Amino acid sequence: HWMVHSFPTRRSSDPDRLWQQNHCGIYRMDRPGERWDRIGEAMPPEIGDIGFTIVPHPRDRETAWVWPMDGTEVWPRVSPGGRPAAYRTRDGGASWQRQDRGMPPRGWFTVKRQAMCTDRADPVGVYVGTTSGEIWASADEGEHWRCIAAHLPEIYSLEVG
């Protein structure tokens, strides 16, 4: 049973590990530190680390997902090369793995800042809402994706319960 709401909450296994992705890259800070370390430089260079959203695993402090976007002059923003995919790290950002099984081979959309979330299932479900009005879900931590809703307006925010 899938439920989609409009106000996201970010539940992390470690409240002292902070993650961010923005127009400058992907970063992580471990408190009590005061410095953001750029961990996105480990992303494949042809993909880059620019994007809107990052979502931590609810139980594993080393795991998080991002949805990169084309940060060049392409507007509106889309997935790099029109090839949509999430990227997952399992080692705190030292490496990233592409996760696109089930996604369309071409897709001219991206995912907004609050339109990616996880559930607390085991394995963790990962969800994205797109600028083209689709909601994609993975019940196995991003290994496989399926479209669970289409023909919606642009998705700005998701929460799964």
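Strands S2 and S3 run antiparallel and are joined by 6 bridges. The model described here is predicted. Within this pairing, Leu 18 stands opposite Met 29 of S3. The chain passes from S2 to S3 by a hairpin of 2 residues.

On leaving S3, the chain makes another hairpin, with 6 residues between S3 and S4. Strand S3, residues 25–30, is antiparallel to S4, and 2 bridges hold the pair. One of these links Tyr 27 to Arg 38 of S4; Arg 28 has Asp 37 of S4 as its bridge partner.

Together the strands form an open sheet of 3 strands in the order S2-S3-S4, with antiparallel pairing. Strand S2 (17–22) and strand S4 (37–38) are the edge strands, each pairing on one side only. In general, strands of a sheet pair through backbone hydrogen bonds. Of the 6 residues of S3, 5 are buried, so the strand is largely enclosed by the rest of the structure.

The C-alpha atom of His 151 is 6.5 Å from that of Glu 134, although the two residues are 17 apart along the chain.

As for confidence, the average pLDDT of the chain is 90, and 93% of the residues score at least 70. Residues 1–11 have a pLDDT below 50; in the model this stretch has 35 contacts beyond near neighbours in sequence.

Key:
Residues are numbered from 1 along each chain as its sequence is written. This is a predicted model: local features need pLDDT of at least 70, side-chain atom pairs count only at pLDDT 80 or more; totals for chains, interfaces and linings use all residues. Side-chain values use heavy atoms; hydrogens and water are left out. Two strands pair if DSSP finds at least two bridges between them. Helices (H or I, at least four residues) and strands (E, at least two) are DSSP runs, numbered from the N terminus. pLDDT is the predictor's confidence in each residue, from 0 to 100. Contact means heavy atoms within 4.5 Å. Buried means under 20% relative accessible area, exposed over 50%, partly exposed in between (1.4 Å probe, protein chains only).
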